[in-house]
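Welcome! Let's take a friendly look at the pockets of this structure and at what lines them.

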Amino acid sequence: MYYKIIYGLAAGMTGAMLCAGAGAQAYPTKPIRLIVPYAPGGGVDIVARALAQELTRRVGQQVIVDNRTGAGGNIGSDVVAKATPDGYTLLIASPANAINPSLYAKMPFDPMRDLVPVALIATTPAVLLASPALPVKTIKELVALAKAKPGSLNFGSGGSGTTEHLAGEMLNAQAGIKMQHVPYKGGAAVLPDLISGQVSIFFVNQPFALPYIKAGTVKALGVASDERSVALPDVPTIAEGGFADFRVSVWYGIMAPAGTPKEIVAKLNREIVAALAAPEMRDRLLAMSLKPLPGTSADFATFFADEMSRWARVVKTSGAKAD
């Protein structure tokens, strides 16, 4: 009798393991919901929809984009953090997911504990724009002017705690200057005042900046990446201007609820990497001045931890708080 019980338990466990393995292999068997924690039409939403279209074709199930806005991305991200970890609710993450834990006094979830990185998608650098009225052509001249006339320069942003805001504070700290922060309700609202000269400088993502740079309505002083941008080969990096560790980028990646089976995370990663290699998807990203970032889930985990640590230092130094 004892042996029959043990045999029955062993058979049951083996059957459960086989079912779990079969389930992971069969995944997905129903539509996947991709949560975008921002409104339709923005950069995060556009990238999410491009990826959803390619993944739908690849995995044989509809990948449905679901916009859940509010609290700087925290509301939509929290939906995923608290979702069933079965691979059917995913998040498109961006720098706010790394910044918000340091920016908000109280978070509804812990991204390091409650989310698992699946795959990076793409990145684009921030560009330092200057008003055409500002008498500088390089970042060194900008810093020299800020030191010569303390308090006379300012920088715009799309709101407190955004990468645009924190990039300006990072430059203040690294250059030993004090430009005043002027927050707006969205980055697009900064441009008219930058062009007219009411705002001195503005850090913004490259896709947004390109049309204005090419039209000559603003000046590009530097690109906040390790290498010069293919789209702006004549614009030096901020590192070339004397700030070696100055990196500010907008990036996009896919995360899942913690506890999602490793087999499903691995399969999603493989499909996303394959999607990034597809000519149509790659061309769409490059057309938006985005650099594809294929890699493993472990690569994304390392990248995300570094982003959280780096932005925590910037938030602490700047004293920035959420609106």
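Predicted model: local features only at pLDDT ≥ 70, side-chain atom pairs only at ≥ 80, totals over all residues.

Two or more lining residues come from each of α2 (43-59), α4 (95-103), α7 (163-175), β7 (201-205), α9 (206-215) and β9 (249-257). Among them, α4 gives the largest share, with five residues.

A pocket here is an open set of points on a 1 Å grid over the protein atoms alone, where a 1.4 Å probe fits, with protein on both sides within 12 Å along at least five of seven lines; lining residues have an atom within 4 Å of a point. Helices (H or I, at least four residues) and strands (E, at least two) are DSSP runs numbered from the N terminus.

The second largest pocket is lined by 26 residues, with T123, P125, S225, E227 and K291 closest to its centre. Its largest share, four residues, is supplied by α12.

| Pocket | Volume | Lining by class |
|---|---|---|
| Largest pocket | about 1,200 Å³ | 25 nonpolar, 18 polar, three charged residues |
| Second largest pocket | about 710 Å³ | ten nonpolar, seven polar, nine charged residues |

A volume is the space filled by probe spheres set on the points, which are joined across faces, edges and corners. Ala, Val, Leu, Ile, Met, Phe, Trp, Tyr, Cys and Pro count as nonpolar, Asp, Glu, Lys and Arg as charged, and the others, Gly among them, as polar.

Residues are numbered from 1 along each chain as its sequence is written. Local features need pLDDT of at least 70 and side-chain atom pairs count only at pLDDT 80 or more, while totals for chains, interfaces and linings use all residues; side-chain values use heavy atoms, leaving out hydrogens and water.
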